[in-house]
Amino acid sequence: VKPPNVGELCEKARLSLTPDEAAEIGPQISRVVDWFGQLQEVELDNVDPAIRVGHEVESQRGLRRDEHLDFTEKDSMVASVGEKEGVFIKVPKILN
Amino acid sequence: MAMAMAMAVGSCESIVLLYSQPRIPRSALQIRCSSSLASKQASSSSKIPSALQDFEAVIGVETHVQLGTATKAFCGCLSQYGAQPNSNVCPVCMGLPGALPVLNERVVDFAVKLGLALNCDLSLRSKFDRKQYFYADLPKGYQISQFDIPIARHGSIEVDLPVEYGGGHRKFGITRVHIEEDAGKLVHAGGGGRLSGSPYSLVDLNRAGVPLLEIVSEPDMRTGIEAAEYAAEVARVVKCLGIGSGSMAEGSLRCDVNVSVRPRGQAAFGTKVEIKNMNSCAAMHRAIDFEILRQVALHKEGLESKIVQETRLWEEGSQRTVTMRAKEGLADYRYFPEPDLLELVLKQEQVDSINEALPELPNETRRRYEALGLSMQDVLVLADDKSVSEYFDSTLEQGADMKMAANWIMGDITAYLKTEKLSISDVKISPSVLAELVSLIKDGTISGKIGKEILPELIRNGGTAKEVIEAKGLTQISDEAEIASLVDKVLLENPKQLEAFKKGKTKLQGFFEGQVMRSTNGRVNPILMKKVVAQKLGLS
């Protein structure tokens with residue numbers, strides 16, 4: 001596994017790190033990736049790939065009915081939005 | 001700056017010049033490009049313009065269909081067009097910490113319907129993934145979508161190209177159909193409403209979380225009209241299934257296209273250009289044809305390297321595609337399985353019962369009408385809108401003459417609907433009354449002309465044709481004896497003209513016919529009347 005390109009990762013995650021922070025975090029990320037890398041040692045020849053983890057519970061398919069249900073604290077939720085202009089949410093200039 | 005030649009793609013007689021760098025010699029541009037239905041040139045557009053014969057265009061279409069569910073994909077907020085901004089929101093669709101999505105079962109139902117209608121293989125087990133990027137209209141910082149295991153794959157759709165564009169039947173492949181959620185809406189304040197000039201932006205999250213089905217076609221289309229008709233057919237299928245309003249104008253059906261060209265015979269694809277911002281099938285047609293010509297012209301000048309993989313916008317005003325932004329490099333969406341959602345499992349019995357309950361699809365209706373003997377032109381009109389074809393079918397069930405019923409629906413009724421801005425479900429003339437009207441004309445009780453006169457009243461007020469005819473005393477006069485006495489009267493009242501006729505002015509026969517017609521307020525059977533007039537004038 002390639003060592004992490006901290007600069008690229010920061011760009012994708014929209015995070016800013018100082019050079020010191022970046023130098024410190026790079027090895028930490030590597031260690032986490034290597035720790036997961038242990039999974040590569042597992043024998044999978046006779047195992048069918050699972051689409052995703054989590055088994056289906058027969059009685060519940062994880063679906064909800066197409067019925068209207070409002071959040072009970074909707075007004076205070078919307079009121080707590082940082083910056084509004086009238087009914088719209090105001091966001092800073094979009095750069096890209 | 002580059003020298004530019006204006007490209008004007010207008011209506012009938014458009015001579016095409018090209019925005020390009022640098023100048024394209026006039027000889028390369030002996031092309032007529034038509035987007036107007038009225039153009040006679042267009043009927044030969046199944047023939048490729050000479051300048052394009054060395055090249056083949058490869059077109060693919062990506063369509064986003066907004067589903068007409070009551071609530072959003074992953075929460076119980078209303079999915080509602082035109083509501084006050086930020087009124088249909090909750091922690092889930094606003095992406096607040098701790099909120100968890102739960103899939104709307106009707107979204108699954110609609111997805112299965114569409115997958116089956118598009119002849120797809122359904123994945124009985126599929127999953128959701130996070131497509132991650134940052135944008136102000138995407139509250140969670142990711143869109144819940146389906147990446148590598150979509151709910152449906154490997155389908156197809158059949159279309160019939162409009163007669164005025166050369167007609168023809170096509171079958172286009174569908175690569176995949178998957179479920180995803182829509183983003184919110186951005187309004188760019190200041191800077192003339194454009195993104196680049198705005199000091200800030202305003203966000204409305206009502207649309208965030210609205211369920212979408214994304215349909216990706218195989219790159220099987222070769223012309224603008226093929227792609228436009230593909231989109232029109234997808235819209236028809238969506239409306240027919242009742243899963244959405246399928247309207248490009250309203251924004252509930254959105255199409256992006258990918259266009260590339262390659263020298264004919266070359267196996268490798270050319271550079272693919274994405275085009276966005278087409279608000280109608282007609283705009284798709286024009287945008288694609290423009291883009292094909294733009295790319296071919298660059299090739300012919302040896303400048304194919306200037307065709308870059310980018311997103312271009314269709315400008316309706318100037319009728320051209322323009323660069324949206326400089327190439328940024330491919331986005332890295334860092335897809336991974338959505339941990340908050342279970343695997344999407346379909347039961348075969350569920351799929352089978354949905355399949356059995358599917359309505360007759362537009363292509364099936366067209367084949368059925370063709371088999372009835374209707375012309376392709378009529379088939380395309382009658383089968384375009386399900387409510388119209390259902391009306392037509394009901395009229396036929398009542399025993400109406402097929403051709404006459406078709407003509408009444410496509411002609412007078414459609415004209416009335418257009419003027420009054422109504423749809424066929426608004427008219428008060430039921431299929432059985434139309435059938436009645438048709439049979440009364442067919443058996444000669446009234447003339448076609450009288451039929452046209454009473455139609456508006458029947459549409460507005462309902463009632464039966466017989467009632468209106470009786471109320472207005474409009475029964476057709478078909479008794480020969482009665483007609484004979486009417487003709488005698490007219491000849492008597494017009495001695496001068498009769499004299500002139502006998503002296504050789506044979507054109508006056510029409511005058512006498514007109515007079516008889518007028519004297520009966522249009523009620524006399526025209527064919528019989530003309531026969532009697534001819535007899536009385538000694539012509540037969």
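View 1. Welcome to a predicted model, where local features need pLDDT of at least 70, side-chain atom pairs count only at pLDDT 80 or more, and totals for chains, interfaces and linings use all residues. Residues are numbered from 1 along each chain as its sequence is written, chains are lettered from A and ligands numbered from 1 in the order in which they are written, and side-chain values use heavy atoms, leaving out hydrogens and water. Ser145(B) sits in strand E6 of chain B, residues 142-145; strands are DSSP runs (E, at least two residues), numbered from the N terminus.

**View 2. The neighbours of Ser145(B).** Leaving aside residues up to four places away in sequence, Ser145(B) touches Lys127(B), Phe128(B), Asp129(B), His178(B), Ile179(B) and Glu180(B). Touching is a contact, meaning heavy atoms within 4.5 Å. With one of these residues, Glu180(B), the side chain of Ser145(B) also makes a polar contact of 3.1 Å (a pair of N or O atoms within 3.5 Å; within protein, one must be able to donate a hydrogen and the other to accept it, and residues adjacent in sequence count only if both atoms are side-chain atoms).

**View 3. Leu44(A), an exposed residue in a loop.** Now hop over to chain A, where Leu44(A) lies in the loop between helix H2 (19-37) and strand E1 (63-64); helices are DSSP runs too (H or I, at least four residues). Leu44(A) counts as exposed because its relative accessibility is 54%, and exposed means over 50%.

Notes: Buried < 20%, exposed > 50% of the residue type's maximum accessible area, 1.4 Å probe, protein only.
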